[in-house]
Amino acid sequence: MKHSILHVALVAVAALCASGTQTSAAWEPVRPVEFIVPAGTGGGADQMARTIQGIVTKHNLMKQPMVVINKAGGAGGEGFLDVKASSNNPHKIIITLSNLFTTPLATGIPFNWKDLTPVAMLALDEFVLWVNAEKPYNSVKDYVDAAKKAAPGTFKMGGTGSKQEDQIITVGIEKAVDTKFTYIPYKGGGEVAVQLVGNHIDSTVNNPIEAVAQWRGGKLRPLCVFDAQPMAYNEAIADGKSWHDIPTCKSQGLDMEYLMLRGIFMSPRATKDQVEYYVDLFTKVRATPEWQDFMKSGAFNTSFLTGADYTKWLETEQKRHEVLMKEAGFLSPGN
Amino acid sequence: MTARRSDAAGPAHKAVETGVALLIAAFGIIVIIGSLKAGINWGAEGPRAGFFPFYIGVSIVAASAINLWSALRETDDRLFAEWGQLRQVMSVVVPTAIYVGSMPFVGLYVASIIFIGWFMRWLGGYRWLPTIAVALGMPIITYLVFERWFLVPLPKGPIEEWLGL
Amino acid sequence: MEELANLFHGFAVALQPYNMMLMVVGIMLGVIIGVLPGLGGANGVAILLPLTFSMPPTSAIIMLSCIYWGALFGGAITSILFNIPGEPWSVATTFDGYPMAQQGKPGEALTAAFTSSFVGALFAVAMITLVAPLVASFALRFGPAEKFAVYFLAFCSFVGLSKEPPFKTIAAMMIGFALAAVGLDSITGQLRLTFGITELLNGFDFLIAVIGLFGIGEILLTMEEGLSFRGGNAKINLRVVLQTWKELPSYWVTSLRSCLIGCWMGVTPAGATPASFMSYGIAKRLARNGKNFGKGEIEGVIAPETAAHAAGTSALLPMLSLGVPGSPTAAVLLGGLLIWGLQPGPMLFVEQKEFVWGLIASMYLGNLAGLLVVLTCVPIFAAILRVPFSIIAPLILVLCAIGAYSVHNSTFDVMLMLVFGVLGYLLKKCNYPLAPLVLAIVLGDKAEEAFRQSLLGSQGSLSVFFSNGLVSTIMVLGLVALFWSAIQEGYSRLRTAVA
């Protein structure tokens, strides 16, 4: 097509680019890696992706740049479908949250996590039951009693999104203690916490990172954590209490457990070498002090799974979400 | 609005006005159909997903009906635009459509080079040298600013793939 | 007076040479980001966020917030010169800014826009310095009902203004609402109006519509006149800045009103876009030469720019003191704070004094630096209009395409942009107003969301919108704004009847 000098120059440039990359047997990215976030800018998944991007850049963990791209449309469906459509493109990874399971079930978009190649579980995000500190509920029991006593439909639970993790937990609580909340969906976790401070809602199930500032400011009070054991972080946060001091909901008679996945997937049909490259990369990321600080600030559960263990975990969670969503009546009519 | 001379030819304003009103009404009908699918009643938790869009669709159709009626009643025979003017408008719309349509296949850069080059050479009547300078310069600056500096990937085609960019 | 001492300490922090340098770099980057359509402030800050990890937090936030100021300044440039708003909040600036540029007064329009931006931001920073805690507690009173009332007011103060036939206005506005409704319904988590088309999952982005309707549509209109068209004989020296400055103080009432509207909208947080529309609408009603708005009235540039900048700046206050972002860019900055290990919220002002006051001081200095940078560039920007249309037009079209693409990284959006462009051309020639359409796309889904959240809380009772003093006042203000012309007419009749 293009002849003569220009062509020669282009070939030379291309050759130069190629020789710049290592010729070891294992796979390595040769182009910028797109890191898809199936959620909006500023949310939990976005923060994590950009932290990872910063760590990778700062510690020079990858030769090619990592580019974060938000594809939030349709509760993340846009992002999932985009990666699903990029078969054989190893330069595309995606960070997921619970919408990996909930979005296809609630909206009926043609997607299942099996369409992607699982890489690793980075962490699990905790959920805590929060109330306004001015309210007289000091324990789960006070809270449940108040919810049961309130006129039907007047006890309000705020949460992020509709038919997603927050509302699933809300339905779980309703089942566990046999009462009924009015669930009000908001756009983001920070907004939910502030609505609780302003007494526009009665309780929330915010992630630790979303509400910790208000807890330290004495505006909110945590009642229990929706995990099998208390969180691991012992450092005092507010009033001499630490994350570790928050009891589990089950121990308080509220039988509901829920953790949200923060995991990495690749586009379909990735080779073993490619998956291994990313597993190795994220292992390095997890070893950095920045990552550990980030985990501490959000009181994350730092479980790390890869390979078959990860797939097994995903299968169990997929089934669990199907049951939870079906019981709650959240399935889209098409399913 | 546009044509002042009576001898100039072109589509009548009335006809275009009627067409636009019909187009908007058609859009309104699509909205109504979509809303019906989503559910338009007032459920236990307030209005359902299709409630507002349904009435929006109805208002669009109603407003278009009135606009259509007043367009048809219009007696003045002014022109929408002269054919010559429309030809000039189309001389931008058509290449832009080709440019936009080819982007997913050949990528943004190649499409932009051809588009700018075509525009300057055939519409602007510039010499080859300035044409090539601008047509190549703009995509190169774009590449540097977006892809290298701000790390925003833009659509690429087979040539970029071959160059390893 | 502890605040003042803290502030001076903050100035000392911000005035360190390293921080000063970051400030200027940030402003420059921000202006570029603001000028490039699609690469808005939020995207720009998000993209550059990871680069700041290796800096101390105070320096990092200074640089990022300066990018933010730069983007706010930059958004006005393309609106005035090419009728293409680089940022959503500069749409209202096009209404009078672009006609001014067409009349050969781009320098005046740009100077007015930049100076008003500066005034608005300064007012907002002063408010943050002096009454931050008070304002924060005011923001807490805004639940869904109050938010809906604010959107209602923003809408009412803007519609009912147009000279176009009323049913065309309604049709245009409803198209906007319908487009805003496409995609995921945030209350039920259900898809609507997508007809199974994957590309519609995300709905219609406001920027795509605006780039098409305003930018491409305008190029097509210009093409009717042929390629001979060239930009007006723009004066290109710095004297124009001083001449415009002489004029500006006489509009102090508009400025002050716009500052207040902007601060209120930024804190609530409704954002800079409704603020700019609301301010423009109210200025048009109250100004002596309100009839000339839309034909190149300088006051029509001052009002939206002041409000947008005041809102953009005060949006940082709820972010810092409550941890709730007042704008998309603030949301990204919030993420940045968390990554640097700072917790926004009630304790930030107590525990991280150096950081907070360093940031506030950088707002004063950053804005001043920004103003100086952009004002010196006014002649350069204005000179762009002298480039022949057949060179600038393809470049604008390419930039629009890039902008439309980078909103969601989708080539579908680029095609959509062209469709909007042709639509904009047709609608404009058939006398349909485009501004209500655009406003409806911006506010439509937010207003619907707030409305339905309120009804969820009140079990479907509409009385929630008049349930307390705050929400009732805003709703009544909205109704007054909606029926303003009728009220005015009634009042003048009453006066003649009495006389």
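Author: Start with burial. A residue is buried if 20 or more other C-beta atoms lie within 10 Å of its own, exposed if 12 or fewer, and partly exposed in between, with C-beta atoms placed from the backbone. Next come helices (H or I, at least four residues) and strands (E, at least two), which are DSSP runs numbered from the N terminus. Now the case: in strand E4 (residues 117–125) of chain A, 8 of the 9 residues are buried, so E4 is largely enclosed by the rest of the structure.

Reader: What kind of model is this, and how are its parts labelled?

Author: This is a predicted model: local features need pLDDT of at least 70, side-chain atom pairs count only at pLDDT 80 or more, and totals for chains, interfaces and linings use all residues. Residues are numbered from 1 along each chain as its sequence is written, while chains are lettered from A and ligands numbered from 1 in the order in which they are written.

Reader: How many helices and strands does chain A have?

Author: Chain A comes to 11 helices and 13 strands. Of its 335 residues, 50% count as buried.

Reader: What radius of gyration does chain A have?

Author: The radius of gyration is taken over C-alpha atoms, and the globule rule is 2.2 Å times the number of residues to the power 0.38. For 335 residues, a compact globule would have a radius of gyration near 20 Å; chain A has 22 Å, which agrees. Along the principal axes, the C-alpha atoms of chain A fill a box of roughly 85 × 50 × 35 Å.

Reader: Which domains does chain A have?

Author: Domain bounds come from an automatic or database domain assignment. For chain A this gives domain 1 (29–125 + 260–328) and domain 2 (128–252). Their C-alpha centres lie 26 Å apart.

Reader: How many residues of the two domains are in contact?

Author: Two residues are in contact if their C-beta atoms, placed from the backbone, lie within 7 Å. In chain A, 17 residues of domain 1 are in contact with 15 residues of domain 2. On the domain 1 side, helix H4 (99–107), helix H10 (289–297) and helix H11 (307–328) of chain A each supply at least two residues. H4(A) gives the largest share of that side, 3 residues.

Reader: How do the residues of that domain 1 side divide?

Author: Ala, Val, Leu, Ile, Met, Phe, Trp, Tyr, Cys and Pro count as nonpolar; Asp, Glu, Lys and Arg count as charged; the others, Gly among them, count as polar. The side of domain 1 of chain A that touches domain 2 of chain A has 6 nonpolar, 9 polar and 2 charged residues.

Reader: Back to E4(A). Which strands does it pair with?

Author: Two strands pair if DSSP finds at least two bridges between them. E4(A) runs antiparallel to strand E12 (residues 260–266) of chain A, joined by 7 bridges. E4(A) also pairs in the antiparallel sense with strand E13 (residues 305–306) of chain A, over 2 bridges. Met121(A) stands opposite Gly263(A) in E12(A). Met121(A) also stands opposite Leu305(A) in E13(A).

Reader: What is the order of the open sheet of 6 strands?

Author: The order is E2-E1-E3-E12-E4-E13 (chain A), with mixed pairing. Strand E2 (66–70) and E13 of chain A are the edge strands, and each pairs on one side only. Strand E1 (residues 33–37) and strand E3 (residues 92–96) of chain A run parallel, joined by 3 bridges. Phe35(A) has Ile93(A) in E3(A) as its bridge partner.

Reader: Which strands does helix H2 of chain A lie across?

Author: For angles, axes are lines fitted to C-alpha atoms, for helices over the stretch in contact, and angles run from 0 to 180 degrees between N-to-C directions. Helix H2 (residues 44–58) of chain A lies across E1, E2, E3, E4 and E12 of chain A, at about 170° to E2(A).

Reader: What is the order of the open sheet of 5 strands?

Author: That order is E7-E6-E8-E5-E9 (chain A), with mixed pairing. Its edge strands are strand E7 (182–186) and strand E9 (220–225) of chain A. Helix H6 (residues 165–177) of chain A lies across strand E6 (156–160) and E7 of chain A, running at about 150° to E6(A).
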